[in-house]
Amino acid sequence: MSALDLALQPRPAAARSPQGDAMRRVRASRLAMAGLGIIGFLTFCAIAAPWISIQHPDADGIWSAFMRDAKQPPSLRHWMGTDKLGRDLASRIVYGARTSLLIGVTSVSLAIAVGAALGAVAGFFGRWVDAVIMRLMDIMLAFPSLLLALGIVALTGPRLLNAMLAVGIVSIPTYARIVRASVLAEVGKDYVTASRALGASPMRLLLRHVMPNALAPLIVAASLGIGTAILEAAGLGFLGLGAQPPLAEWGLMLADNRQSMTSFWWLVTCPGVAIMLTVLGFNLLGDGLRDVLDPRLRGGRR
Amino acid sequence: MLSYIVRRVLAVVPVLIGISFLTFALLHVIGNPCVALLGDHFTPDACVEIRLRYRLDDPLPVRYAHFVGRMLHGDLGNSITTKRPVVAELAEKLPATFELALAAIVLAVLAGIPLGIVAAARHNSAVDVGAMVWAMLGVSMPVFWLGLMLIYVFAFQLGWFPSLGRLPSGLTIPRWSGMYTLDALRAGDMQAFKIVLQHLALPAFALSTIPAAFIARITRSSMLEVLGQDYIRTARAKGVTERAVVARHALKNALLPLVTVIGLQTGALLSGAVLTETIFAWNGVGRWTVDAITGSDYPVVQAGVLVFAVTFVFINLIVDLSYVWLDPRIRYE
């Protein structure tokens with residue numbers, strides 16, 4: 001639906017508020033809705049994992065009659081077959097959704113919290129504070145993200161928590177830049193000067209005037225960022241530097257099953273498809289939201 | 001213009017200092033250098049020796065100065081596992097990574113730009129939708145999984161390409177640049193050149209997929225924007241064929257944003273190289289760094305991270321400088 005079609009539609013009085021307007025446009029965006037659909041499905045899997053999976057993800061077949069459950073092809077009972085320890089792959093994939101969503105949301109929340117604080121401080125104080133913070137951000141951006149994450153994990157040790165921190169830390173500059181740009185854009189405006197003249201504190205200026213303007217680009221960046229974070233954490237897990245066995249994590253599952261790939265293709269196909277689908281969901285949502293929320297970019301697509 | 005170039009080149013200096021500081025801090029501030037440098041050989045006596053040799057009891061700024069001094073003299077320490085100088089090992093691995101990255105970026109440009117152009121020229125056609133679905137999947141795909149799938153299909157099932165390494169064991173090529181394609185050509189050994197290309201094919205293809213998808217998306221949106229402008233309508237109105245409109249009038253202006261994207265994608269490419277090299281047993285800097293992390297070989301980790309970051313900084317510098325020639329409309333005061 002093009003902007004013109006939307007403009008010609010009769011507007012219900014209730015949808016006049018900016019929020020209502022934005023929500024309506026989000027609902028009209030097929031990209032965003034497709035992404036939301038995928039994310040909703042994954043969230044359902046993550047929450048309902050104990051009820052919709054047939055086994056505990058760590059339940060293996062080592063003690064069950066000489067591993068006869070191991071490496072079974074997909075069947076009615078085991079939809080995606082079993083791995084070398086006889087664990088049901090479908091159950092592990094479902095539980096993996098928990099791990100991946102947790103990683104994505106935690107690391108991006110951390111990055112936004114720190115990034116927004118740094119960006120706000122840099123924007124408000126200006127001068128040398130701004131210069132120091134933003135140069136630091138530039139230097140962080142000079143590292144290819146996975147490399148910086150690798151460096152952090154190398155020192156803190158290969159653990160899921162450290163991988164989450166590392167993935168979060170490397171994306172701090174993105175959010176710092178967004179918030180700083182919003183601060184600089186708003187602070188000079190008359191309504192902010194008026195508010196300041198009335199005695200509003202910097203904190204109030206930040207929360208009342210700057211953040212609402214930063215919200216749209218932040219939401220878009222967060223959606224795309226969760227996808228990237230999941231991809232990077234899976235990469236770290238694959239390298240053995242993130243989640244550790246026996247945790248059900250998709251990247252780790254790929255690495256575990258790599259050796260059996262030649263004869264048991266499903267063991268490597270399924271976790272990969274799961275990662276791709278998840279990242280695709282967040283990318284679709286992010287792209288869709290950007291089309292809807294960022295008026296500057298709206299002209300680019302026809 | 002000259003002053004812009006000088007300023008842009010000088011702006012690299014603080015970033016390089018920052019990079020050196022961050023790699024230094026990774027070891028000396030966050031980690032315990034004694035444990036990191038000795039690894040499994042840690043004993044209190046050895047630690048005392050290390051503390052003396054690396055002057056670990058000096059204040060931090062003094063230690064940093066020593067670190068930078070040694071680095072400028074090309075001394076990045078010795079590898080803990082092989083005991084050899086890190087710089088010598090780096091010189092062996094770096095050409096392998098450059099060869100792979102170069103092949104991947106060429107493939108990505110060759111695939112991404114034409115795809116984006118066709119998608120924009122036939123806007124909203126089946127080709128357009130197909131190309132964009134493919135591009136969306138491409139940016140969401142984990143490169144390590146794609147690599148495994150390629151090995152499974154093209155190496156194990158079809159047997160078209162070898163699955164691992166840069167060369168079959170037993171075959172050697174006289175070393176000149178360290179990039180085997182160049183070395184084989186220089187030796188005039190076409191048979192070896194063919195074998196080298198076969199080994200390069202799968203990893204380069206895997207590594208090129210994500211950048212190719214990004215490049216296709218940007219080419220498309222950039223072309224669409226240009227195709228909507230007045231001078232394009234004028235060209236069409238005076239009867240220029242659609243092919244010439246796209247190829248001659250629109251393309252030139254649409255390609256500019258691509259330079260930035262290609263530069264940025266090279267950074268993603270370096271990250272991807274770490275994973276791709278690990279999967280294809282490609283003997284480059286990425287795999288070397290990962291092996292060093294699992295083996296707690298800290299000097300090597302430091303060197304690996306340093307090399308990738310410095311490379312990325314210089315690629316960005318080249319991108320920025322290339323604008324001076326590419327777009328005369330931009331004025332640099």
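User: How much area do chain A and chain B bury between them?

Analyst: Buried area is the accessible area (1.4 Å probe) that two parts lose on being put together, summed over both; here chain A and chain B bury about 3,900 Å² between them, 80% of it on carbon and sulfur atoms. This is a predicted model, in which local features need pLDDT of at least 70 and side-chain atom pairs count only at pLDDT 80 or more, while totals for chains, interfaces and linings use all residues. Side-chain values use heavy atoms, with hydrogens and water left out, and residues are numbered from 1 along each chain as its sequence is written, with chains lettered from A and ligands numbered from 1 in the order in which they are written.

User: How many residues does the contact take from chain A and from chain B?

Analyst: With contact meaning heavy atoms within 4.5 Å, 40 residues come from chain A and 46 residues from chain B.

User: Which elements of chain A give two or more residues to the side that touches chain B?

Analyst: Helices are DSSP runs (H or I, at least four residues), numbered from the N terminus; the elements are helix 5, helix 6 (145-156), helix 10 (202-238), helix 11 (250-257) and helix 12 (266-293) of chain A. Helix 12 gives the most, with 12 residues.
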